[in-house]
Amino acid sequence: MRCADLRARARDYFEDELAADVREACDAHLSECAPCGALFARGAALAEPDFTQAFGVQWRSAGDLTCAWVLEFLAAYLEQGLDPRERASFDAHLDLCEACRTYLTQYSSTVRLARHSAAESTPVPPALVEAILAARRAAP
Amino acid sequence: MSSTPESTAAAGVRERELLARLRAGEDAAFDELVREHGGRMLAVTRRILGSDDEAQDALQEALLSAFKALARFREGAQLGTWLHRIAVNAALMRLRSTRRAPEHELAELLPGFVEDGHQVREPSAWSAEPDAALVSEETCALVRRCIDRLPENQRVALVLRDIEGLDNEQLADRLGLTVNAAKIRVHRARQALRALLDPYFSAEDR
């Protein structure tokens, strides 16, 4: 998660409106990024319009989401793990961004291909069959 | 091939008979079980371990432990499903008990971003969007080879989640991770696999 993605979510963060995945990602960023940590430490106490000024965002819109954020939460999006507002922003970004649409299609194809390509059965070498049966007979 | 109620019932009768012979210690019954179920079990251990030798060792361990546990097999359960679970366990046990080579993170397989959050290299559409239902055996083999190239921890997560069908909670439990960490690992594995497949499907490279 990037600083801009975190800050765009500040309001939802403080109002506890984030999906669990997203909240955990925000907390992970906050634990590693000192400037964001300092900003969020005082952010909860700020009133409008100081809050808007401090975070540099008014409200989340499609433009607030970066490709980095979208690609980080693709799995949550596909598994219906985003809350309705996050999902709406995600959809709005996809409408605008061909690169992310392409990536999403390929990501979904990758999952289907992995599932479909799995070998159902692999020939067991005859010597291994014999070894297994011999080991059974020798077992106490 | 779809199974009819009659063929399912016949298979159930056959399985109960096989089980009775196994419990009676009949050598031919063990031979039959290994030949009938060994191939599917080996495919599972091979997927998880990524090596033929280790997969064969895990199969042997799985079958020997299944033989010992036959008395505990619950009547009415499916023998194949039970053996499949034992094969997964044997492979995971082997992963935990053997010293693994240090893993190389495949950072180049994850998308990179410029300062404004856009992708460094925008993906080009895959020429023939692979329809999983129609892909050839050749393509399946290619996908399997790419899965084998994933770092081990990613390969295992992807196999258990996307092929063996564990949900996120079960995966986290089996790998000793938090649910969130398990989800992230699967996501990274899918991203890395997408990048490995990209040169083969990308229209630009054709």
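Me: How many residues of chain B are in contact with chain A, and how many of chain A with chain B?
Reply: In this predicted model, 45 residues of chain B are in contact with 40 residues of chain A. Two residues are in contact if their C-beta atoms, placed from the backbone, lie within 7 Å.

Me: What is the numbering, and which cut-offs apply to a predicted model?
Reply: Residues count from 1 along each chain as its sequence is written, and chains are lettered from A and ligands numbered from 1 in the order in which they are written. As the model is predicted, local features need pLDDT of at least 70 and side-chain atom pairs count only at pLDDT 80 or more, while totals for chains, interfaces and linings use all residues.

Me: Back to the interface. Which helix supplies the largest share of the side of chain B that touches chain A?
Reply: H2(B), with 11 residues. The helices of chain B that each supply at least two residues to that side are H2, H3 (52–68), H5, H6 (152–163) and H8 (179–201). Helices (H or I, at least four residues) and strands (E, at least two) are DSSP runs, numbered from the N terminus.

Me: How do the residues on that side of chain B divide by class?
Reply: Into 24 nonpolar, 9 polar and 12 charged. Ala, Val, Leu, Ile, Met, Phe, Trp, Tyr, Cys and Pro count as nonpolar, Asp, Glu, Lys and Arg as charged, and the others, Gly among them, as polar.

Me: At what angle do H9(A) and H5(B) cross?
Reply: The axes of H9 (residues 98–117) of chain A and H5 (residues 137–148) of chain B cross at roughly 105° and come within 9 Å. That makes H9(A) roughly perpendicular to H5(B). Axes are lines fitted to C-alpha atoms, for helices over the stretch in contact, and angles run from 0 to 180 degrees between N-to-C directions. Under 35 degrees counts as roughly parallel, over 145 as roughly antiparallel, 65 to 115 as roughly perpendicular and the rest as oblique.

Me: Which residues meet there?
Reply: From H9(A), Leu113(A), Ala114(A), His116(A) and Ser117(A); from H5(B), Cys140(B), Val143(B), Arg144(B) and Ile147(B). By class, this contact has 5 nonpolar, 2 polar and 1 charged.

Me: New topic: which domains does chain B have?
Reply: Domain 1 (5–97) and domain 2 (107–205); such bounds come from an automatic or database domain assignment. Their centres, taken over C-alpha atoms, are 29 Å apart. Domain 1 of chain B puts 6 residues into the contact and domain 2 of chain B puts in 8.

Me: And what does chain A consist of?
Reply: 10 helices and 0 strands. Of its 140 residues, 31% count as buried. Buried takes 20 or more other C-beta atoms within 10 Å of the residue's own, exposed 12 or fewer, and partly exposed is in between; C-beta atoms are placed from the backbone.

Me: Is Gln80(A) buried or exposed?
Reply: Gln80(A) counts as exposed because it has 7 C-beta neighbours inside 10 Å. Gln80(A) sits in the loop between H7 (74–78) and H8 (84–96) of chain A. Its phi is near 60°, a positive value in a residue other than glycine. Most residues other than glycine have a negative phi.

Me: Where in chain B is confidence lowest, and where highest?
Reply: Lowest in H1 (residues 5–23) of chain B, at a mean of 83, and highest in H3(B), at 96. Chain B averages a pLDDT of 86, and 86% of the residues score at least 70. pLDDT is the predictor's confidence in each residue, from 0 to 100.
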